[in-house]
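Me: I would like to go through the salt bridges in this model and check what each label rests on. Please set the values against the cut-offs.

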Amino acid sequence: MRILAAMVLAMIAVSPAPTFAGEGERTPKPVVTIENPGKCVAPAEEMRRNHMEMLKHQRDRTLRAGIRGEPASLNACIECHASKATGSVLGTAEGGKGRNFCESCHSYVAVKLDCFECHQPKAKFKAAGVKP
């Protein structure tokens, strides 16, 4: 009996890991829909790895030097990537399938998305109030 149990455990240990049917991958990837496709400020692979640094750099230029309207601005990103159904980069995508652009990847990699604690996640949003 012990030999049989040891053989079964050995077979399980050396068997290939299960995959998702038809995908051939072990981990499902987030579904990202680019609502307004066009020319981004950088290639997709660079944006995946460095978008946070680009936004921090732009934030510093905006806050310290007053430079606004550059291509790597948060507002420019939202204008291209906001869902056409919700107008937002956060929340559930149309039809409840997945999440909208920013939230989809940030949830996938378990990284807190804190931009929108202060900033509006919707495209074409005009804040009410006095202009500076």
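Reply: What follows takes some of the salt bridges in this predicted model in turn.

Me: How many salt bridges are found in the whole structure?

Reply: The search of the whole structure gives 7 salt bridges.

Me: Why is the contact between Glu45 and Arg48 called a salt bridge?

Reply: The side chains of Glu45 and Arg48 meet at 2.9 Å, N to O. The cut-off is within 4 Å, so the pair counts as a salt bridge. Glu45 and Arg48 are 3 residues apart in helix 2 (residues 44–65), and therefore separated by about one helical turn. Glu45 and Arg48 are also linked with Arg49 in a network of salt bridges.

Me: What makes Arg48 exposed but Glu45 partly exposed?

Reply: Exposed means over 50% relative accessible area. Arg48 has 56%, so Arg48 is exposed. Glu45 has 43%, which lies between 20% and 50%, so Glu45 is partly exposed.

Me: How do you know that Lys56 and Glu53 form a salt bridge?

Reply: Their closest N and O atoms are 3.8 Å apart. That is within 4 Å, so the label applies. Lys56 and Glu53 both lie in helix 2, about one turn of the helix apart. Lys56 is at 40% relative accessibility and Glu53 at 45%, so both count as partly exposed.

Terms used
Residues numbered from 1 in each chain as written. Predicted model: local features only at pLDDT ≥ 70, side-chain atom pairs only at ≥ 80, totals over all residues. Heavy atoms only, no water. Helix = DSSP H or I, 4+ residues; strand = E, 2+ residues; numbered from the N terminus. Buried < 20%, exposed > 50% of the residue type's maximum accessible area, 1.4 Å probe, protein only.
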